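Thanks for making time this morning.

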Amino acid sequence: MADTADTRTPAQIEADIRRRRATLAETLDEIGVRVHPKTIVGDAKAKVASNIDHTLGRAYVGVNRAVTDVRARFVDEEGAPRLERVVPVALVVVGVVGLLAVSTRRRKG
């Protein structure tokens with residue numbers, strides 16, 4: 001069995017108690033800061049902002065990819081328009097705009 005007798009002097013014991021009290025006070029201060037409502041709200045805001053940034057980043061990448069895909073369909077590698085694809089789309093757009101214009105005139109008339 002190990003010798004468990006305390007060989008410290010009263011001054012050493014008091015110094016140890018003071019150190020432990022200081023450490024305990026620091027720990028309690030840290031806990032107080034962590035559970036303070038402002039800290040909790042700040043942490044929640046930071047987490048939400050991080051999630052929003054992540055979501056916006058993913059959305060940007062997705063939109064960028066879609067734009068690149070659409071551009072690749074209507075523009076060749078050299079940057080020239082692919083008329084065989086641009087002209088039909090332009091005709092459809094003109095047709096839709098024309099139908100909307102005619103429809104609007106009929107309603108007013």
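Let me begin with helix H1, where the number of buried residues is 1 out of 26, so H1 lies largely in the open; buried here means under 20% relative accessible area, exposed means over 50%, and partly exposed is in between, with a 1.4 Å probe and protein chains only. Please keep in mind that this is a predicted model, in which local features need pLDDT of at least 70 and side-chain atom pairs count only at pLDDT 80 or more, while totals for chains, interfaces and linings use all residues. Residues are numbered from 1 along each chain as its sequence is written, and side-chain values use heavy atoms, with hydrogens and water left out.

Helices, by the way, are DSSP runs of H or I with at least four residues, and strands are runs of E with at least two, numbered from the N terminus. The 26 residues of H1 should span 38 Å at 1.5 Å a residue, and the end C-alpha atoms of H1 are 37 Å apart, which agrees; the expected span is 1.5 Å times one less than the number of residues.

Leaving aside neighbours within four places in sequence, Arg8 is in contact with Ile13 and Asp16, where contact means heavy atoms within 4.5 Å.

How do H1 and H2 pack, and at what angle? H1, residues 10-35, and H2, residues 37-74, pack at about 55° with their axes 5 Å apart, the axes being lines fitted to C-alpha atoms over the stretch in contact and the angles running from 0 to 180 degrees between N-to-C directions. The two helices are therefore oblique to each other, since angles under 35 degrees count as roughly parallel, over 145 as roughly antiparallel, 65 to 115 as roughly perpendicular and the rest as oblique. At this contact, Val33, Arg34 and Val35 of H1 meet Pro37, Thr39 and Ile40 of H2.

Turning to H3, residues 83-108, we find Val87 there, partly exposed with a relative accessible area of 42%. Arg106 is also found in H3 and counts as exposed, at 68% relative accessibility. Arg106 and Arg34 are 72 residues apart in sequence and 67 Å apart in space, C-alpha to C-alpha.
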